[in-house]
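Let's walk through this model together, one feature at a time. Keep the viewer open and follow along as you read.

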Amino acid sequence: MLHVDLRDLARGPVETKGELAPDDPLFQGLDFTLAQPVVVGGRLQATGEGRFYWHGTLKTLVSGECRRCLKPVSIPISSDVGALFSQDSDAQDDPEAYPLDPEADDVDVRPAVREELVLVVPRFVECRADCRGLCPRCGKDLNAGACGCPPTTDLRWAALASLKDKFRD
Ligand SMILES: [Zn+2]
Ligand SMILES: [Zn+2]
């Protein structure tokens with residue numbers, strides 16, 4: 001479970017285990033696409049009056065697009081999360097802590113799952129380090145071979161050459 005009852009936490013650390021589907025409302029509004037459920041593990045424990053520390057793990061697969069050639073790319077995500085949940089009213093101002101309602105009877109670790117994903121999912125990926133991308137003129141995938149467009153440097157020289165012609169007369 002990704003909600004842990006405070007009464008269980010009073011007895012000792014509790015394992016957090018769960019899977020969140022890509023279409024879970026928790027992930028609404030993210031600017032990347034989950035290709036697989038997010039597998040969550042870890043454990044939550046009390047660290048003082050109304051304070052709980054979660055050491056969690058996340059694993060999933062995100063589908064992205066190569067920023068050079070636009071080919072679909074699968075991005076494996078695997079991350080460790082450390083998050084503090086607190087019922088203390090001071091936690092409202094602490095950017096490091098997730099505030100909990102003083103009346104809460106459980107801790108929901110899912111907001112920390114979402115936040116960690118936002119932090120760790122890379123937005124600019126490449127299908128491979130030496131991807132040649134698409135030709136900016138004809139759009140052909142240059143990984144499949146040259147397209148026949150003149151290289152851009154030659155175009156620049158051609159423009160210079162035609163300028164030279166203009167100044168000649
Ligand atoms: Zn590529
Ligand atoms: Zn081309």
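Searching the whole structure, which is a predicted model, turns up one aromatic pair. Rings of Phe, Tyr and Trp (its six-membered ring) pair if their centres lie within 6.5 Å; planes under 30 degrees apart count as stacked, over 60 as edge-to-face and the rest as tilted. The partners are F85 and Y98, stacked at 5.1 Å centre to centre with 25° between the planes. F85 sits in strand β7 (residues 72–86) and Y98 in strand β8 (residues 97–99), so the pair ties together parts that are 13 residues apart in sequence. Both F85 and Y98 are buried, where buried means under 20% relative accessible area, exposed over 50%, and partly exposed in between (1.4 Å probe, protein chains only).

A word on conventions: residues are numbered from 1 along each chain as its sequence is written, while chains are lettered from A and ligands numbered from 1 in the order in which they are written. Local features need pLDDT of at least 70, side-chain atom pairs count only at pLDDT 80 or more, and totals for chains, interfaces and linings use all residues; side-chain values use heavy atoms, with hydrogens and water left out.

Now for the overall layout. The protein has three helices and nine strands, in the order β-α-β-β-β-β-β-β-β-β-α-α along the sequence. Helices (H or I, at least four residues) and strands (E, at least two) are DSSP runs, numbered from the N terminus. Of the 169 residues, 32% count as buried. Taking contacts between residues at least 6 apart in sequence, 53% join residues at least 24 apart; contact means heavy atoms within 4.5 Å.

Beyond its neighbours within four places in sequence, F27 touches residues including L20, L34, V38 and L117.

Next come the metals. Which residues hold the zinc ion (ligand 1)? C66, C69, C127 and C131 coordinate this ion through their SG atoms at 2.3 Å, donors being N, O and S atoms within 2.8 Å of the metal (3.2 Å for Na, K and Ca); water is not among the atoms, so sites may look incomplete. The donor angles of 105 to 114° make the arrangement tetrahedral. Four donors count as tetrahedral if all angles lie between 85 and 135 degrees. C66 lies in the loop between β6 and β7 and C127 in the loop between α2 and α3, so the pair ties together parts that are 61 residues apart in sequence. C66 is buried at 0% relative accessibility, whereas C127 is partly exposed at 28%.

The zinc ion (ligand 2) is coordinated by the SG atoms of C135, C138, C147 and C149, at 2.3 Å. Its site is tetrahedral, with angles of 106 to 113°, and its donors follow the spacing C-x2-C-x8-C-x1-C. C135 is buried at 8%, while C149 is partly exposed at 26%.

Note on methods: Tetrahedral: all angles 85-135°; square planar, octahedral: opposite > 155°, others 65-115°.
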